[in-house]
Amino acid sequence: MSKTKRNYTISTTFDVKYIYMTHPEAYKLLTKYLTDKKLLKHSLATEAAMKALYKRITPKEKYNKAEEEKWSIVGLLHDADYEITRGEPEKHGMRLIEKEHDTIPQDIAYAIQAHNYKYTKVNPKSLMDWAITTCDQLTGIIAACALLQPDRRIYLLTHEFVLGKFQDKSFAKGADRATILLCETTLGLKLEEFIKVVLGGMQIIGRELEL
Ligand SMILES: [Fe+2]
């Protein structure tokens with residue numbers, strides 16, 4: 001059994017192929033495909049955002065460490081095939097799963113495909129799918145806001161500042177604000193709260209993000 005592939009057959013009335021992936025395995029997979037430092041930092045930022053969102057959305061009695069790790073792996077891997085799908089946006093999210101379908105657990109694979117649903121036509125269904133779809137674009141706006149701070153660092157950045165820049169459509173023009181706003185209907189978080197949670201997650205790993 002390789003370190004990056006663990007298949008277990010669960011004995012039930014029918015056989016279920018269950019693939020489990022650990023965080024170190026996911027990180028190894030990410031660096032197998034991504035080399036660009038900026039993209040790696042974006043992956044770490046989105047991972048931190050997903051972890052923070054899981055903790056914010058999940059009621060305390062339902063908290064599950066394995067589930068938190070799953071959300072964090074989705075954040076880490078969502079853009080892993082970005083460099084190998086340049087110029088083919090409809091393949092982004094799909095190619096990684098084509099190549100690693102027996103390595104990546106099914107629900108993680110689905111969320112990765114769904115985060116680019118406008119191109120892949122794989123529609124987000126679960127909270128995890130919507131969390132990655134909506135926070136992906138926001139991490140970019142937050143990183144750009146951090147660079148505007150006097151010391152170009154994230155630790156003193158406030159959610160009010162980010163909200164102001166979110167409303168300024170000329171700032172970080174490439175960010176899909178309409179998709180970010182879906183946090184309100186799909187995750188049940190008002191935009192301001194959503195920004196607060198994602199920013200808080202990113203601030204924890206500011207040093208790793210070099211922000
Ligand atoms: Fe992304």
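Which helices are included in what covers the buried residues of α11? Point 5 takes this up.

1. Basis. This is a predicted model, in which local features need pLDDT of at least 70 and side-chain atom pairs count only at pLDDT 80 or more, while totals for chains, interfaces and linings use all residues. Residues are numbered from 1 along each chain as its sequence is written. Helices are DSSP runs (H or I, at least four residues), numbered from the N terminus.

2. Core. The largest nonpolar core contains 56 residues, and Val 74, Ile 142 and Val 198 have the most contacts inside it. Such a core is a set of buried Ala, Val, Leu, Ile, Met, Phe, Trp, Tyr and Cys residues joined through C-beta atoms within 7 Å. Buried means that 20 or more other C-beta atoms lie within 10 Å of the residue's own; 12 or fewer makes a residue exposed, anything in between partly exposed, and C-beta atoms are placed from the backbone. Helices that each supply at least two core residues include α1 (23–33), α2 (37–57), α3 (65–77) and α7 (127–146). The largest share, eleven residues, comes from α7.

3. Helices α3 and α7. Their axes (lines fitted to C-alpha atoms, for helices over the stretch in contact) are 10 Å apart. The packing angle is about 35°, on a scale from 0 to 180 degrees between N-to-C directions. Trp 71, Val 74 and Gly 75 of α3 make the contact with Met 128, Ala 131 and Ile 132 of α7; two residues are in contact if their C-beta atoms, placed from the backbone, lie within 7 Å. Leaving aside neighbours within four places in sequence, the contacts of Val 74 include Met 50, Ile 108 and Met 128.

4. Ser 72. This residue is found in helix α3. Is Ser 72 buried or exposed? Ser 72 counts as buried because it has 22 C-beta neighbours inside 10 Å. Not counting residues up to four places away in sequence, Ser 72 touches His 23, Glu 47, Met 50 and Lys 51. Trp 130 is 58 residues from Ser 72 in sequence and 14 Å away in space, C-alpha to C-alpha.

5. Helix α11. The buried residues here are Phe 194, Ile 195, Val 197, Val 198, Leu 199, Gly 201 and Met 202. What covers them includes α2, α7, α8, α10 (183–186) and α12 (206–209).

6. Helices α5 and α7. The axes come within 9 Å and cross at roughly 40°. Tyr 110, Ala 111 and Ala 114 in α5 meet Met 128, Asp 129, Ile 132 and Thr 133 in α7.
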